[in-house]
Amino acid sequence: MLLKDSVIGVIGCGAMGLGIAQVASTFGHSVIILDNNASAIQKAQQNLKAGLDKLVAKQKINENKAKEILNNISFTQEINELTVCVLVIEAVVENLEVKKKIFSQLESITKETCILASNTSSLAITAIAASCRKPERVIGIHFFNPATLMPLVEVIPGIASDDSHVQICKELISGWKKVCVQVKDTPGFIVNRVARPFYSEALRIYDEGIADLADIDRAMKEIGGFKMGPFELMDMIGHDVNYVVTETVWSQFYFDPKFKPSLTQKRLMEAGFFGRKSGKGFYNYNNDFELPASKISKNEASKIFIRILCMLINEAADTLYLKIASREDIDLAMTKGVNYPKGLLKWADEIGIQQVVNQLNELRDYYEEDRYRVCPLLKKMLAANQTFW
Ligand code: NAI
């Protein structure tokens with residue numbers, strides 16, 4: 001493998017940068033983390049040590065391994081130290097201008113063969129790459145939080161990215177025991193796009209008074225087999241994060257009504273009711289939280305589950321139809337990136353494309369909204385009696 005044992009650079013030692021550094025170091029790389037904030041570095045060093053101590057206490061790794069991981073990682077505020085790297089992964093604040101400045105500096109101090117990657121979750125890789133004289137060196141490598149635990153990594157070539165870099169990065173990161181999927185440089189990539197209806201259709205059902213929060217959460221968990229319901233999950237992610245992702249995807253898709261955010265969630269964000277981290281979101285987390293019992297019949301719960309599932313399948317189908325990613329990668333992304341119980345395209349085959357199309361047509365007829373338009377691929381497949389798998 002081309003990059004094995006080589007030095008990896010990481011920029012930004014926040015939640016993501018530190019996690020990515022720990023993963024690379026675990027697999028034997030020397031890692032240099034650059035951050036422009038001395039107190040952030042100090043905090044990251046403490047977090048790293050504390051995290052490794054926990055792993056040792058839980059007997060996930062032994063003391064020697066913990067020492068090795070720790071010794072492999074060095075911190076700096078000096079960008080010139082990154083000249084030895086063969087790959088640099090940037091994970092600083094989500095701000096295009098800040099990232100562009102960093103990439104343009106990186107390009108001038110690193111070797112021409114060094115691959116320059118961004119962990120951005122919502123900016124276009126192509127826009128970041130435009131700051132470089134050689135945009136072919138730039139690629140997206142999107143880890144999920146926490147990077148040490150989540151198996152999925154989305155690899156995103158910008159329109160100018162060198163194909164060989166895509167292959168090198170996929171090979172390298174697969175070697176870190178991660179599951180790599182490849183995705184076109186489009187808003188939300190796979191996961192943050194395809195997962196939108198899980199939240200937005202649940203919010204729509206709630207906003208219309210069709211069911212209460214816990215009724216919807218329980219429907220998705222008990223009938224759908226999801227680990228968490230949409231409201232529990234939004235409360236865990238935090239509305240400051242989840243709402244902003246929704247709004248960003250919506251605006252980047254030129255305000256397509258499929259992605260329209262909910263005012264209910266916006267108000268939570270504005271109030272500072274971010275969810276679990278602030279003690280209050282959709283639910284109250286003051287005491288030991290327990291999801292309330294459902295007040296609706298099994299039949300009503302099934303209808304809610306099918307409605308949300310069909311919206312998710314429609315988005316997964318659109319992602320395939322528009323060649324954003326392959327069938328395999330779309331299903332892998334949702335099971336490995338957000339723990340869905342099944343890949344959505346596989347799920348479509350199981351419940352039947354006819355049912356998906358009928359459900360969407362019913363919603364579209366009733367609401368007369370473009371939000372519920374059926375993906376053309378589903379129509380084509382239905383006419384030809386095809387399945388995804
Ligand atoms: P964070 O806010 O925890 O950490 C960012 C770090 O970058 C801070 O330590 C800050 O001091 C440093 N920094 C800011 N400007 C800098 C500069 N000019 N030079 C050097 N260091 C600088 O952020 P987080 O959550 O780790 O996110 C980082 C990136 O990863 C963002 O692009 C975000 O969209 C992406 N991402 C975040 C995920 C998450 O769940 N937090 C998941 C996947 C991607």
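In this predicted model, helix α6, formed by residues 163–174, comprises 12 residues and spans 17 Å from its first C-alpha to its last, close to the 16 Å expected at 1.5 Å a residue. Its buried residues are His165, Val166, Ile168, Cys169, Lys170, Leu172 and Ile173, and these pack against the strands β1 (8–11), β4 (87–90), β5 (115–118), β6 (138–143), β7 (152–157) and β8 (179–182).

Two pairs of packed helices were also examined. Helix α11 (residues 239–252) and helix α12 (residues 263–271) have axes that come within 9 Å and cross at roughly 135 degrees, which makes α11 oblique to α12, and their crossing is left-handed. To this contact α11 contributes His239, Asp240, Asn242, Tyr243, Val244 and Glu247, while Gln265, Lys266, Leu268 and Met269 come from α12. By class, the residues of the contact between α11 and α12 comprise four nonpolar, three polar and three charged.

In the second pair, helix α13 (residues 298–321) packs with helix α15 (residues 344–351) at an angle of about 120 degrees, the axes lying 9 Å apart, so that α13 is oblique to α15. The crossing in which α13 passes α15 is left-handed, and the contact involves Phe305, Leu309, Cys310, Leu312, Ile313, Ala316, Ala317 and Leu320 of α13, together with Leu344, Leu345, Trp347, Ala348 and Ile351 of α15. The contact of α13 with α15 has 13 nonpolar residues, with no polar and no charged residues, whereas the contact of α11 with α12 includes three polar and three charged residues beside its four nonpolar ones.

Notes: Residues numbered from 1 in each chain as written. Predicted model: local features only at pLDDT ≥ 70, side-chain atom pairs only at ≥ 80, totals over all residues. Heavy atoms only, no water. Axes fitted to C-alpha atoms, helices over the stretch in contact; angles between N-to-C directions. Helix = DSSP H or I, 4+ residues; strand = E, 2+ residues; numbered from the N terminus. Parallel < 35°, antiparallel > 145°, perpendicular 65-115°, else oblique. Left-handed = near helix turned anticlockwise from the far one by under 90°. Contact = heavy atoms within 4.5 Å. Nonpolar A, V, L, I, M, F, W, Y, C, P; charged D, E, K, R; others polar. Expected span 1.5 Å × (residues − 1). Buried < 20%, exposed > 50% of the residue type's maximum accessible area, 1.4 Å probe, protein only.
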